[in-house]
Amino acid sequence: MRFGIFLLAGRFPGQDDAGALLRTAEAVRAAEAAGFDDAWIAEHHFMSYGVCPSAVTFAAHALGGTSRITLGTAVSVLSTAHPVALAEQVTLLDRLTGGRFHLGVGRGGPWVDLEVFGTGLDRYEHGFEESLDLLLRALTEERVNAAGERFAFREVAMVPRPAARPPVTVACTSRPTVELAAARGLPMLLGMHIGDDEKADLVTWYEKAAAEAGRDPAGARHVSAMLCHIADDRARAERELKEAMPGWLAEGLAGYVRVDGRPSAPRDPDAYTDLLCSLHPVGSPADCVSRLRASAERTGIEHVILMVEGSGSRERTLRTIARLGAEVLPALRGSHPAG
C-alpha cells in the first residue's frame, strides 16, 4: 500500500493563520521522517476551513524543506486557474525536484471565488473538460495552442519543456466526472465525506467507463482520503476530535458562499464530526490497522491519504503522524504489496 497525509491547514478557534500554516508545514516534515510516501495539501479561498489559497505554492515550499517525500495538491481548482499557467508551475516543480510532485485537480464549487477571479459560473458548470484537456496537453507537448470555447490563443512554446508528464489525479464526486477521468486514463481522488461503499461504487463505475473508452482500468491508482486520529483507545481519540472539530467546521464551512446568491445549507458540524469518526480510522493503532485494511479490501484502493489535523493541535497531529509511522504503516505494508 501507499500512504500519505492530507492537510487542510484549518484555522481552529483561537488560532491564527500563521499558526495553522506553520503547523501544516511541520506535519509534512514529520510525515517524511515517519516514512510516509506523500503529503497532499488542499486549496481554499476566503475561509478558515483551510487557509492555504495556493496548493502549488505550499507544495513548492514543502518540497524545498524535504528530500524524499512526494507533495500533491488536493486539489488545484481548475475552475479558477488558467490551465497553461498551472502546467508551467507543475513542470517547473517536476523538473526542480526530480519528479516529487503529484498534481491533483478538481472542478471546485459554485463559490464566490468564481466572481473574485473573474472566471464565472459557466466555467465551473461547463468548462472543466476543456480546462482539463488543455492542461494535459500543456503538460505533455513542447508547443501548445487553443481554439476552444473558453481558451483561444496562438501557439506558444512550453518553457520549461515537459519531460514525462507528472502524475495527474482528478477529484471525483459525481459519475460524469468519473467518466471524464476514466476516458483519459486518469485516476480518481475520492474524498473523506463518503464511506467505503460509495467509494467502491465509484471505482466500479470508473472501471466500466474506462473499458468503454478503450482504457485499462487496472492501471489507475486511485487515491482515498480518510480522517485519522490516534490515541491510546477509541473513546479518547473520538473525544479529542469531537472537542475540536465542530467549532472549526461551524466557522469554516460557513465560508462557502455561492456566487449565484442562492442560499446553501452547511453541514451540521456535530453530526458531520460524528459521521467522519464512524467512517474512518479513529482510535488505537490496532483500530486504525483494522479499519484501513478493511477499507482497502472493500474499495480496492491501496493509496490512502490521511487527514491528521482533526484535533487542531500541533502536538496531537505530530503524535498521530509518529504513531502511524511506527505502529500502523509497517503492519499494513507487510500485508499488501508496496506501492
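**Helix 1 and its surroundings**

I began with packing: the buried residues of helix 1 pack against strand 1 (2–7), strand 2, helix 2, strand 3 (70–73) and helix 12 (314–333). For helices (H or I, at least four residues) and strands (E, at least two) I take DSSP runs, numbered from the N terminus. Contact here means heavy atoms within 4.5 Å. The model is a predicted one, where local features need pLDDT of at least 70, side-chain atom pairs count only at pLDDT 80 or more, and totals for chains, interfaces and linings use all residues. Residues are numbered from 1 along each chain as its sequence is written, and side-chain values use heavy atoms, with hydrogens and water left out.

Which residues of helix 1 are buried? I get Ala20, Arg23, Thr24, Ala25, Ala27, Val28, Ala31 and Glu32. Buried is under 20% relative accessible area, exposed is over 50%, and partly exposed is in between (1.4 Å probe, protein chains only). I also checked the length: helix 1 (residues 17–34) has 18 residues and reaches 26 Å from its first C-alpha to its last, close to the 26 Å expected at 1.5 Å a residue. That expected span is 1.5 Å times one less than the number of residues. Just after helix 1, Gly35 takes a positive phi of about 95°.

**Cores**

Next I looked up the nonpolar cores, meaning sets of buried Ala, Val, Leu, Ile, Met, Phe, Trp, Tyr and Cys residues joined through side-chain atoms within 4.5 Å. The largest has 76 residues, and Phe36 and Leu132 have the most contacts inside it. A second, separate core of 28 residues includes Met47, Ala244, Cys277 and Val282. I then listed what Phe36 touches, leaving aside neighbours within four places in sequence; among its contacts are Phe3, Ile5, Ala31, Ile69, Leu306, Ile321, Leu324 and Leu329.

**Phe46**

Phe46 sits in the loop between strand 2 (38–41) and helix 2 (55–64). Its phi is positive, about 65°, although it is not a glycine. Phe46 counts as partly exposed because its relative accessibility is 49%. Together with Val116 and Phe117, Phe46 makes a nonpolar surface patch of about 290 Å². For the record, patches are made of residues with over 30% relative accessible area and no salt bridge, like charges being joined within 9 Å and nonpolar side chains (Val, Leu, Ile, Met, Phe, Trp, Tyr) within 5 Å. The areas come from the Shrake-Rupley method with a 1.4 Å probe, and for residues only the protein chains shown count as cover.

**Salt bridges**

How many salt bridges does a search of the whole structure find? It finds 28, taking a salt bridge as a side-chain nitrogen of Lys or Arg within 4 Å of a carboxyl oxygen of Asp or Glu.

- Glu251 pairs with Arg11, the closest N and O atoms being 3.2 Å apart. This pair links distant parts of the chain, with Glu251 in helix 9 (residues 234–253) and Arg11 in the loop between strand 1 and helix 1, 240 residues apart.
- Glu240 pairs with Arg316, the closest N and O atoms being 3.6 Å apart. Glu240 is in helix 9 and Arg316 in helix 12, 76 residues apart. Glu240 counts as buried at 4% relative accessibility, whereas Arg316 is partly exposed at 28%.
- Arg258 pairs with Asp260, the closest N and O atoms being 2.9 Å apart.

Arg123 is in helix 5 (residues 120–126). Is Arg123 buried or exposed? It counts as buried, at 9% relative accessibility. Beyond four places in sequence, its contacts include Leu78, His82, Phe128, Arg150 and Phe151.

Tyr256 lies in the loop between helix 9 and helix 10 (269–279). Outside its sequence neighbours within four places, Tyr256 is in contact with His44, Met47, Tyr49, Trp111 and Ser264.

Most residues other than glycine have a negative phi, and most peptide bonds are trans. Ala9 has a positive phi of about 55° although it is not a glycine, and Ala9 is buried at 0% relative accessible area. The peptide bond from Ala74 to Val75 is cis, with omega near 5°. The bond from Val159 to Pro160 is cis too, with omega near 0°.
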